[in-house]
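Morning, everyone. Please look at the screen.

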Amino acid sequence: MLPTPSALLLDFGGVIVESGRSPQPEEATPRHADLVRRVHRLTGGAVGEEEIRQALDSAKKTRSRMRENTEECLEISHEQLWGELIAVEWPAVARATVLVHASDLTRQWARRDDWRLRPGIADLLDYTVGRGMPVAVVSNTPCGQAHRDALDEFGLTGAIAAQIYSDELGVYKPHPSMIWAAARDLGVAAADCWYVGDQPHRDVLCARRAGAGAAILMPEGEPREVGENPPDAVVADGTELLALLRQAV
């Protein structure tokens, strides 16, 4: 039996929202088409659109490799993303130009048009609001503002008491500070929180390091191997999470 939580901490991608069909490799860049055109205009055409696409793809892969370090977990800033990963080989004026707009460009880069609420999440948040149980979002992201925008558009912001994002805090999961910051903002102990994420090696490990009351896994798509980080429970979606929460309270 899981401990009764005083608060619920939810990952964003994979828990609150899911994405549409993963694109094939040759289709991987069209969702950034508007961003590519915008950067092309900002730089006065000094950097070609294909070069911009390649730089975005390369930066995404490099950032992923950098995040394999689960000890320091230091998140890069928007300026580091553009200045050191994306535009590092561009002409100096073009690089300086995108640095001025780094935060807004990162916001556009992080946003996905195919985000949709996972089944049962709206009902889950209706339940927590009705019981007065605070909920926080705890998410790794290049730009938390993109997630804040999406929550606004889904009409969920009023049901969320706190939002903790890696680019704003300066560290990413599994660093325990992500959960500690959320618990502090909610005015509860980490031990009194359930943390729900979709990745054992980041989310479950983060919950364990932070001393969360329970680590719940909600895998997106096919179930993943939990390896050395088994969760306390596995749920398929928000509906099953709500059922689990009802049992505990």
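Which residues are linked in a network of salt bridges? Arg 38, Asp 104, Arg 107 and Asp 149 are. By salt bridge I mean a side-chain nitrogen of Lys or Arg within 4 Å of a carboxyl oxygen of Asp or Glu.

Some ground rules. This is a predicted model, where local features need pLDDT of at least 70 and side-chain atom pairs count only at pLDDT 80 or more, while totals for chains, interfaces and linings use all residues. Numbering runs from 1 along each chain as its sequence is written, and side-chain values use heavy atoms, with hydrogens and water left out.

Take Arg 107 and Asp 149. They form a salt bridge, with the closest N and O atoms 2.8 Å apart. Arg 107 sits in helix 5, residues 102-110, and Asp 149 in helix 7, residues 144-153. The two are 42 residues apart, so this pair links distant parts of the chain. Helices here are DSSP runs (H or I, at least four residues), strands likewise (E, at least two), numbered from the N terminus.

How covered are these two? Arg 107 is partly exposed, at 32% relative accessible area. Asp 149 is buried, at 17%. Cut-offs: buried is under 20% relative accessible area, exposed is over 50%, partly exposed is in between (1.4 Å probe, protein chains only).

Next pair. Arg 116 and Glu 18 meet through their side chains in a salt bridge, 3.3 Å from N to O. Arg 116 belongs to strand 3, residues 116-117, and Glu 18 to strand 2, residues 17-18, so the bridge ties together parts 98 residues apart in sequence. Arg 116 is partly exposed at 42%. Glu 18 is buried at 16%.

One more. Asp 114 pairs with Arg 112 in a salt bridge, closest N and O atoms 2.8 Å apart. Asp 114 is partly exposed at 25%, and Arg 112 is buried at 18%.

How many salt bridges does the structure hold? The count is 16.

Now the whole chain. It has 11 helices and eight strands. Of its 249 residues, 50% are buried. Among contacts (heavy atoms within 4.5 Å) with a separation of 6 or more, 70% are between residues 24 or more positions apart. Along the principal axes, the C-alpha atoms fill a box of roughly 60 × 35 × 30 Å.

That's the tour. Thanks.
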